[in-house]
Every structure is written in structure tokens, then in C-alpha cells.
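Hi,

Here is the model I said I would pass on.

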Amino acid sequence: MTDKFIDKLNENNLYYTFDKSRNMYTIKIPVNVDKNDLARFKCPLCVEQYKVNGNEYKNSKNLYHTHGWCEGGIRSRHCRSEAIKYYGCINWEFLLEKREQIKPLRCEKCRYLDRTDFIDRQYVDTLICSC
């Protein structure tokens, strides 16, 4: 089950840490904060629809979660029960950080253009590509 979980995070270029003492993954999530001090982000794990057997549909879109901002920090998950079941008995939480808008990056090897407008500058110097 862990392989599906890690693959999904890598697919979304998300940074995570694992705390062995708590058996907990902490996923760093870039968020948009609105004027009401609410943080909104696209959950990398929850999707709109699941098949009867519990698997995700390939073209199903990710859902958005909303949390109170309060200067960021760690928040517990509000993920769908299907997502929790799909990824097994893995514990995870979200570390919320504001997004910074920067220009898209291009991979030096394959020239892949990252079409996301927001990337965390603190950890990304060059584009992480699967080439």
C-alpha cells in the first residue's frame, strides 16, 4: 500500500517526511489563502469518483480541501473514506504553506515544461522531472 501512496506524492511533486516514532507521513502542501483566512488546496489523494472495487478512475479529478489558515502549520487530514481505504492504514497529515507565484520551469534534459504556476521556491531550484 505504501508504494501507491509514495507514487502519488511523487507524481504530484510533493515533499513529504516520515516520522517513525509516530508512524506518520507529513505532506507539505502549497495552499491559497483567501481574505477570510481560509487555506484551500487540491488534495493529492482524494478524487471525485472511485470504482466499486475501491480503485480510482483514471480521469477523475482531485478534490479541494479547506482548512483554517492561522499562519499555516500542520493540519489533520479531511480525506474521503475511500481514499483512506485505498491507500491502506497509512497515517498522514498536511503541512500548509502559502504558494509563491513564479514562472514555469523547464527540465534541462527533456525540455518538459512544468505547467503549474505555483512551485515552492524554498525547496525547488530546478524542475523535478521523471525523464
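A quick definition before the rings: Phe, Tyr and Trp rings (for Trp, the six-membered one) count as a pair if their centres lie within 6.5 Å, with planes under 30 degrees apart called stacked, over 60 edge-to-face and the rest tilted. Bear in mind that this is a predicted model, where local features need pLDDT of at least 70, side-chain atom pairs count only at pLDDT 80 or more, and totals for chains, interfaces and linings use all residues. Residues are numbered from 1 along each chain as its sequence is written, and side-chain values use heavy atoms, with hydrogens and water left out.

On to the aromatics. There are 8 aromatic pairs in the structure. One of them joins Phe-5 and Tyr-87, and it is edge-to-face because the planes sit at 75 degrees, with the ring centres 6.0 Å apart. That pair links distant parts of the chain, since its members are 82 residues apart: Phe-5 is in helix α1 (residues 2–11), while Tyr-87 is in the loop between α2 (81–86) and β6 (92–98). Helices and strands here are DSSP runs, numbered from the N terminus (helices are H or I, at least four residues; strands are E, at least two).

Tyr-87 also makes an edge-to-face pair with Trp-92, at 6.4 Å centre to centre and 90 degrees between the planes. For accessibility I use relative accessible area: buried is under 20%, exposed is over 50%, and partly exposed is in between (1.4 Å probe, protein chains only). Phe-5 is buried at 0%, Tyr-87 is buried at 1%, and Trp-92 is buried at 3%.

Which residues do the ring pairs link into a cluster? They are Phe-5, Tyr-16, Phe-18, Tyr-25, Tyr-86, Tyr-87 and Trp-92.

Two charges sit over rings as well (NZ of Lys or CZ of Arg within 6 Å of the ring centre and within 35 degrees of the ring normal). Lys-4 is over the face of Tyr-86, 3.9 Å from the ring centre, and Arg-40 is over the face of Tyr-64 at 4.0 Å.

Now the cysteines, where a disulfide would be a pair of sulfur atoms within 2.5 Å. Searching the whole structure turns up 0 disulfides. For Cys-46, the nearest cysteine sulfur belongs to Cys-79.

Asp-37 has a phi of about 65 degrees, lies in the loop between β2 and β3 (38–47), and is partly exposed at 36%.

Tyr-15 is partly exposed, with 28% relative accessibility.

Cheers
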